[in-house]
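Student: I would like to work through this structure slowly, one question at a time. Could we look at it together?

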Amino acid sequence: MNCYVSLQFLLGLAQLCPCHTDMTNSEMHEMNQPLGSHLRAKRSWVWNHFFVQEELTGIDHHVGRVRLNFDNRDGSLIYVLSGEGAGSIFTINNRTGDITAIKKLDREEKSYYKLNAHAINVVTGETLEPKSEFVIKVLDINDNQPEFLDGPYETSIPEMSPEGTSVIQVTATDNDDPSHGKNARLIYSILRGRPYFSVEPTTGVLRISSQMDREAKDQYLVVVQATDMLGLPGGLSGTTTVTINLSDVNDNRPIFQFGLYHMNVSESSPIGTSIGVIMAEDSDIGDNAKMNYSIEDGSYVFEIITNNETQEGIVILKQKLDYELQRQYSVRAKVTNSYIDEHFPKDENSGQTTIIKIRVEDADEPPVFSLVEYVMEIAEETPYGSYVGTVLARDPDVTNSPIRYSIVGCSLFSIDDNGTIIITEPLDREIDAWHNLTVTATEKNNLQQVSEARVYVQVLNVNDHAPEFFQYYETYVCEKANAGELIQTISAVDRDASVEDHLFSFNLSSEATSNLSFIVRDNKDNTAGVLTSQSGFSRQEQPVFYLPILIADNGNPPLTSTNTLTIHACECDENGGTQACTYGALTFSMGFSTEGLIAILACILIILVFVFIILGLKQGQKQALFPEKGEDFRENIVRYDDEGGGEEDTQAFDIAALRTRTVMRARKTRKNITTEIRSLYRQSLQVGPDSAVFKEFILAKLEEANTDPCAPPFDSLQTYAFEGTGSPAGSLSSLESSISDSEQNFDYLTELGPRFKKLASMYGSRIHVKN
């Protein structure tokens, strides 16, 4: 069974879209033919593509018709539509099969719809044929204008760029169907920005059509338009803006504001003084406007430094000026760019020059010394008023003011108005070998003009100190020493300075010609040895020997001194070690003289006397304050942590003494305290540690001890293990043993075990006898 597309559908399609179909006449002819003539149908119907134009206004636009070839139109079957938009966008006449669009369609939202159609027998309700799919395509119309989705645009290009340089590419989009006519075919044009810019019509590339100078104008606004339908009449268009900033290039050299600058500077200005400022202008910006200033003629008096913040040239003084020597300077300054652009000729960056005339102003200057430092010499011990040296200062000004000199902070030297320095008292090299002086020169006409110079005076050595022993020597000789035995090696020292090394000689003094016991041997190395000249010495006959030794130096003239070496005779052991020396030797071995030792012993004796006196006074005070010291003190409160010692413990402490409130203890005889013990025991059964009476008693005793400055330190405060009142066991204290038999019954002690056997035999048996 063959099926075909209704001619009514084709005619309806021609009416809906007479101008916008892309089908050719041959295609239309083929569609007008029954499909069965050239298609082999697998089922009894085949659906084709339907077409409908978008944006049609109104309702119920006929799209097409579906129909079975065996439909007799007798109402025996109905058509059913399903799929995309079925019922909401498209409806079908279930009797005729006509499909209608009930809403306006937009191809940009959805370009086609897939639907299914099938026929149902009205009587049986059975589907006559399986569902068949067909497509409804929405035909495009030019209803969308071009849009620049990335606009507006902004870009930057270097100034003075050549013609044809690409600036930026702009791109517009059209939502219409690019495959349907020319609805989405775009062309670009410039509405604003000529003659400096142009745009390629098909690509949207913006190019430079004329060179531009940033210094003249640094920003341009270009308006670009995109039109669809290739710009034909009826096409839609959209625009965007392109902001183009011109970046700077170093195409301008700096230029001085003035061709001549005048500056003044005082001759007294210190090195580094800022004299003035020069300024050049550069039309460029940023790094291209940075400049370097320099002095072209290579002057050594001035220099120019660049202030990187303000781009000014600061003229700086490099050397001291002297108005009397030169009063005016003329220098040529040059300015160049710090960064050179290689795209521009070198002469463009060669720099510009200007002239700076600097006038030196006269100033009252302080005196100037002929030298910055002076070094002078003078021998020590030179008499008062001796000449040391001369300093010289002058006034550099034209006035040539007279100068007055002075020495600061030193009274050993003086200076006159001619600069002559003399000493005011003899100098000693051994105290100070150098003297550092500060000499000031002051203009007499202007006391504010003062300058200073350093003067170093060296004191030359004179041999004015004789040599002496290097140290104190403790020398001993054994009684059994043999002749020629070395007992001491000595050396010398000289406080004088020597151009060469000191050389000392040692000899016995003429005073020791009668000495037959010792000799001195010079070792020729600034040391000498003392040797015995006899055998055997007796410390009883002569315990000490005094040996005068003459020491001479090699000065000019040489000086000598006599130094006495003290030698003690000692008893020695077999190895030569000293065992016993004379009293004098002992004192010297301790490092004390005889007089010093006597003084020390006297001090020790005086201290001992004072100690004995103080001890005696303290002993007398103790006997007067405590006459009962010989008695046995029993005023103690003792704490027991056990059950007690029984009967034998009753006489250990005099508890009755605790009741006394006397601060000063009077001497009294011992009394019988049995009755008091009984009374206290009874009270103890009624008074506990928390009782006010007990607390009052303890506080009273503490107050007594605290206020007594002579109280002995062996008083103590202890506590009893107090059971308290009302105990069912009663009290086991032996103090109750003195209470009458009528009040106590101790028969129960026999039941307490062997530990209370002694008490039971003592009290229980006695009670039994009395009964």
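This is a predicted model: local features need pLDDT of at least 70, side-chain atom pairs count only at pLDDT 80 or more; totals for chains, interfaces and linings use all residues.

Student: Is Leu260 buried, partly exposed or exposed?

Tutor: A residue counts as buried under 20% relative accessible area and as exposed over 50%, with partly exposed in between. The relative accessible area of Leu260 is 39%, so the word for Leu260 is partly exposed.

Student: How many Å apart in space are Leu260 and Thr353, C-alpha to C-alpha?

Tutor: In sequence, Leu260 and Thr353 are 93 residues apart. Leaving aside residues up to four places away in sequence, Leu260 touches Thr354, Ile355 and Lys357. From C-alpha to C-alpha, the separation of Leu260 and Thr353 in space is 9.6 Å.

Student: Where is Asn250, and which residue has its backbone oxygen 2.5 Å from a polar atom of the Asn250 side chain?

Tutor: Asn250 has its place in the loop between β14 (237-247) and β15 (255-256). Because its relative accessibility is 2%, Asn250 counts as buried. The backbone oxygen that lies 2.5 Å from a polar atom of the Asn250 side chain belongs to Tyr339.

Student: Is Gln449, which is also found in a loop, buried or exposed?

Tutor: The loop that holds Gln449 runs between β30 (434-443) and β31 (450-460). Not counting residues up to four places away in sequence, Gln449 touches several residues, among them Asp364, Pro366 and Thr442. With a relative accessible area of 15%, which is under the 20% limit, Gln449 is therefore buried.

Student: What kind of aromatic pair do Phe197 and Tyr220 form?

Tutor: The count of aromatic pairs comes to 14. For Phe197 and Tyr220, the rings are 5.9 Å apart centre to centre, with 70 degrees between the planes. Since planes over 60 degrees apart count as edge-to-face, the pair of Phe197 and Tyr220 is edge-to-face.

Student: Which strands does the pair of Phe197 and Tyr220 link?

Tutor: The two residues are 23 residues apart, and the pair links distant parts of the chain. Phe197 is buried at a relative accessible area of 2%, and Tyr220 is buried at 9%. Phe197 belongs to residues 197-199 and Tyr220 to residues 219-227, and the strands are β11 and β13.

Student: How many disulfides does the structure hold?

Tutor: A disulfide is a covalent bond between the sulfur atoms of two cysteines. Here a disulfide joins Cys478 to Cys572, with an S to S distance of 1.9 Å. The number of disulfides that the structure holds is 1.

Student: How many residues apart in sequence are the parts that the pair of Cys478 and Cys572 ties together?

Tutor: Cys478 lies in strand β33 (residues 475-478), whereas Cys572 lies in strand β39 (residues 560-572). Cys478 counts as buried at 14% relative accessibility, and Cys572 is buried with a relative accessible area of 14%. Because the two cysteines sit in these strands, the pair ties together parts whose separation in residues is 94.

Student: Is the disulfide of Cys478 and Cys572 left-handed or right-handed?

Tutor: The answer rests on the torsion about the S-S bond of Cys478 and Cys572. That torsion is about -90 degrees, so the disulfide is left-handed.

Key
Residues are numbered from 1 along each chain as its sequence is written. Side-chain values use heavy atoms; hydrogens and water are left out. Rings of Phe, Tyr and Trp (its six-membered ring) pair if their centres lie within 6.5 Å; planes under 30 degrees apart count as stacked, over 60 as edge-to-face and the rest as tilted. Helices (H or I, at least four residues) and strands (E, at least two) are DSSP runs, numbered from the N terminus. Buried means under 20% relative accessible area, exposed over 50%, partly exposed in between (1.4 Å probe, protein chains only). A polar contact is a pair of N or O atoms within 3.5 Å; within protein, one must be able to donate a hydrogen and the other to accept it, and residues adjacent in sequence count only if both atoms are side-chain atoms. Contact means heavy atoms within 4.5 Å. A disulfide is a pair of cysteine sulfur atoms within 2.5 Å.
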